[in-house]
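Hi,

Here is the structure I promised to pass on to you. Have a look at it first, and then read on for my notes.

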Amino acid sequence: MFFHIVLERNMQLHPRYFGRNLRENLVSKLMKDVEGTCSGRHGFVVAVTGIENIGKGLIRDGTGFVTFPVKYQCVVFRPFKGEILEAVVTMVNKMGFFAEAGPVQIFVSNHLIPDDMEFQSGDMPNYTTSDGSVKIQKDSEVRLKIIGTRVDATEIFCIGTIKDDFLGVINDPATV
Amino acid sequence: MSEKGGKGASLSSKGGSLKGKDDSATKSVKGRKVQFSKEGAFESGISSSLTSLKSGGKGGKGDKVANGGKSSQSKDPHSSDRRIEQKLPENIKCLMDCEAADILQGIQEQMVMLSRDSTVKMPISFDKGLQYAKNNSKYRNPQSTRRVLEPLAKCGLTDSEICVIGNVCPETIDEVFALLPSLKERNVDRQVLKDSLSELAKLRQPM
């Protein structure tokens, strides 16, 4: 889910950036440092939307670098356990399928796929019900529930399920 | 809620404190086989969520989820959901996909103007986030959607639950209760919920 939050960061700036454009340099350095990163606490920082406050700079001992505490608003994407969201399937194999929701990868194991769906290998591997009415393949849209998350240095990875009520395929690309 | 430290975004304190770092510390403390973190959301207090999951309170929907070795995690969905919502600090605002799409679209348009600086490149997560928000944005007008969902806030639904309803756009009340089991325990006015759902359906963009 997307959130709009205020974060704070201490930015270090080299003296070459001081001068008339100090603020702009600080903001662009912030955006370069922070956008696209991911943390366990806040999830993916998708974009910085504004600067709330830049505090007074503190010159560090021994070097000419100055540290500025910057408060900024940003849009983050963080999945949490129990959340329902819609994702697009990217890969299907006999262990389950991978789906993507924004910058987050979600894996749905075959244990968490309804029992009446079987894996069919082939050019376009997929999970299909016994009567062929419902199919999960690449580019299918599925509604799933997140049941766990793991955070790496650069990305968040989730485990999901479609075995509950009202979960599963929304849109079959074969019929589109 | 602050993010201190010059480089590197996450609180990567190697001291193993439970605050903020979800994975390795909790893994060793609990000795769990599962890899996946306990959802402690934005604050410390992961220890409290761990102890409650350990005591194995059973959530209603926990039964239906297949337990392929990850059972203890799904056993208590209600209280962990509730805990997440309680722990969201006040300055966090949940965004529905349509609102996020608006904001990110605006930023992208600004980026086009700023692209004279060739070193400014939008990261992949921005493109993916924008595409996802646009694809999932079901409503033409986020403000009217918010207005329709306002009565639900008065009924006692949390911001994140309202956002989930907005994102998913359920058709019936049964669907709402199935997807958000924590609502069943609270006395939510079904009529208000029903009215909001029908209003939402009217606002929904034709696919």
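How are α7(B) and α11(B) oriented to each other, roughly parallel or roughly antiparallel? Before I get to that, please keep in mind that this is a predicted model.

Helix α7 of chain B spans residues 142–154, and helix α11 of chain B spans residues 190–203. Their axes come within 9 Å and cross at roughly 170°. An angle over 145 degrees counts as roughly antiparallel, so α7(B) and α11(B) are roughly antiparallel to each other. On the α7(B) side, the contact is made by Ser144(B), Thr145(B), Val148(B), Leu149(B), Pro151(B) and Leu152(B). Facing them from α11(B) are Val192(B), Leu193(B), Ser196(B), Glu199(B), Leu200(B) and Leu203(B). By class, the residues of this contact divide into eight nonpolar, three polar and one charged.

Helix α7(B) also meets helix α8 of chain B, which runs over residues 159–168. Here the axes come within 10 Å and cross at roughly 135°. That angle makes α7(B) and α8(B) oblique to each other, and the crossing is right-handed. From α7(B), the contact draws on Arg146(B), Leu149(B), Leu152(B) and Ala153(B). From α8(B) come Asp159(B), Ile162(B), Cys163(B), Ile165(B) and Gly166(B). The residues of this second contact divide into six nonpolar, one polar and two charged. Leu149(B) and Leu152(B) are worth a click when you open the model: they take part in the contact with α11(B) and also in the one with α8(B).

Now to chain A. The domain assignment gives domain 1 (2–77) and domain 2 (84–171). The C-alpha centres of these two domains of chain A lie 37 Å apart. Six residues from domain 1 and nine residues from domain 2 take part in the contact of the two.

Best wishes

Notes. Residues are numbered from 1 along each chain as its sequence is written. Chains are lettered from A and ligands numbered from 1 in the order in which they are written. This is a predicted model: local features need pLDDT of at least 70, side-chain atom pairs count only at pLDDT 80 or more; totals for chains, interfaces and linings use all residues. Side-chain values use heavy atoms; hydrogens and water are left out. Axes are lines fitted to C-alpha atoms, for helices over the stretch in contact, and angles run from 0 to 180 degrees between N-to-C directions. Helices (H or I, at least four residues) and strands (E, at least two) are DSSP runs, numbered from the N terminus. Angles under 35 degrees count as roughly parallel, over 145 as roughly antiparallel, 65 to 115 as roughly perpendicular and the rest as oblique. Contact means heavy atoms within 4.5 Å. Ala, Val, Leu, Ile, Met, Phe, Trp, Tyr, Cys and Pro count as nonpolar, Asp, Glu, Lys and Arg as charged, and the others, Gly among them, as polar. A crossing is left-handed if the near helix is turned anticlockwise from the far one by less than a right angle, and right-handed if clockwise. Domain bounds come from an automatic or database domain assignment.
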